[in-house]
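Subject: Structure handover and notes

Dear colleague,

I am passing on the structure we spoke about, and my notes follow it. Please read them with the coordinates open.

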Amino acid sequence: MSKDNRSNLTTGSGMPVGDNQHSVTAGSRGPTVIQDVHLLEKLAHFNRERIPERVVHAKGAGAHGYFEVTNDEISKYTKADFLSEAGKTTPMFIRFSTVAGEAGSADTVRDPRGFAVKFYTEEGNYDLVGNNTPIFFIRDAIKFPDFIHTQKRDPRTHLKDPNMVWDFWSLSPESLHQVTYLHGDRGLPATYRHMNGYGSHTFKWVNAEGEAFWIKYHFVSEQGVKSLDQATFDKIAGENPDYHTEDLFNAIEDGDFPSWKLYVQIIPYEDYKHHKWDIFDVTKTVPKDEYPRIEVGRMVLNKNPENYFAEVEQAAFSPGHFVPGIEASPDKMLQGRLFAYSDAHRYRVGANHEQIPVNRPVSGADNYQRDGFMRTDGNGGGTVNYEPNSFDGPTETDRGRIDPFEVEGQADSVNYDSEDHYTQAGDLYRLMEEDEKQRLIDAIVGDLGAVKKDEIKLRQIKHFYKADPDYGRRVAEGVGLHVPEEQEV
């Protein structure tokens, strides 16, 4: 394109820029004059080009795609319009991420991966904000800030500290199941394309007749699940810290569109009252042999972002973004996330972050929220800004009402009823082949062995013993400690 056909460079206000190579100065050697508004605007904007990075999930990659329903029977379980019939297609956006590292950290670290999906439905955005693990370390949101502090940096040394990590885990036995999962092969996914995704929490579906069901989401990679070994992960981290980001971008750019099948476990509503496991405890799984997975549809990623900052960095997901037919459960961790995620976006991107194109619902939004930083949609114009009103403003609809649910007991700071943190972790260990068990032990020994206090090591090893005696013995031997038999369980 010739220079004559190129668009004119302008300031933010649209004024043409006459010289973008030289600032306005008093002569060739004189000081810069303050009237060079283009220079001032350029420097001031540059100083503000970075919004605060996410406290968790700071490093990530994203892509656009679509979700297609493949099961005509799903409408029996939910009135969600985007799941109403086979063949129905909904545009979506996904962001993959690591959890603990900063924005500049390496992709290839042993860490859970965020698996956050935004469905742009005709009844508003539905966000399914999960991980590549079906469980989590803790089960009450009140512990989340403390947990994440242990995954970040020591306040004195500003270094990652295994003493913090294992001290917290050893004092929080509910973490054992996820600790075992994370230190197994699936803690080192080969790429974002070669890992499954999970809603992790239990959610509620409600059908058109008002029947309610409990749901667990499973996204199963059609590329297969693949892992790398620790040595390869460490090598890649030093040579190409953006390895997973690059792999996803190149695969889509080359037309090798990654895809996942979405399945759900459907749990009859009354089963939560008597099931062996508390189905709202996110540190536990719900057995697939009791509640088989049912296919729902297929997710395909077929378009890379045009601009990383606009579409990936500003993407704002919240598990509180529901559509009619999908609701929250009493899961204590989920209940806290319903507030925390949207509040994080209000701090990080602003009160009007849902007007940003990547977050904007295709169905539009019509409410009485007004003003605030970066309001870009006309701010409601001259329409009424309160409700109820007599001026034809938007009003509620029965379709948006939640399904009633019963509550019981006294309001208090209470734990889950189950304190069995060991059976499922032990079952996971016993499912592993011998070579996978050895890789698990090696990974734990490598991390736990760096802890300075034997007290912390012993406390954690006792948890491994309770899950499976062989598990505990092998870790103890690996870190060079002996646990007396009477203390093993």
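Apart from its neighbours within four places in sequence, His57 is in contact (heavy atoms within 4.5 Å) with Arg95, Ser97, Thr98, Val99, Gly114, Asn131 and Tyr341. This is a predicted model, in which local features need pLDDT of at least 70 and side-chain atom pairs count only at pLDDT 80 or more, while totals for chains, interfaces and linings use all residues. Residues are numbered from 1 along each chain as its sequence is written, and side-chain values use heavy atoms, with hydrogens and water left out.

His57 sits in the loop between helix H1 (37–47) and strand E1 (60–69), where helices (H or I, at least four residues) and strands (E, at least two) are DSSP runs numbered from the N terminus. The side chain of His57 makes a polar contact with the side chain of Ser97 at 2.8 Å; the term denotes a pair of N or O atoms within 3.5 Å, of which, within protein, one must be able to donate a hydrogen and the other to accept it, and residues adjacent in sequence count only if both atoms are side-chain atoms. His57 counts as buried because its relative accessibility is 12%, the classes being buried under 20% relative accessible area, exposed over 50% and partly exposed in between (1.4 Å probe, protein chains only).

Asn131, which lies in strand E4 (residues 124–131), is likewise buried, at 11% relative accessibility. Leaving aside its neighbours within four places in sequence, Asn131 has contacts that include His57, Arg113, Phe136 and Tyr198.

The unreviewed UniProt entry annotates His57 and Asn131 as "active site"; such annotations may be inferred rather than shown by experiment, and the positions are given in the numbering used here, with feature names shortened.

Turning to the aromatic residues, rings of Phe, Tyr and Trp (its six-membered ring) pair if their centres lie within 6.5 Å, with planes under 30 degrees apart counted as stacked, over 60 as edge-to-face and the rest as tilted. By this rule there are 28 aromatic pairs. One of them joins Trp205 and Tyr217 edge-to-face, at 6.1 Å centre to centre and 70° between the planes, and it links strand E6 (residues 203–206) with strand E7 (residues 212–221). Trp205 is buried at 0% relative accessibility, and Tyr217 is buried at 4%.

Best regards
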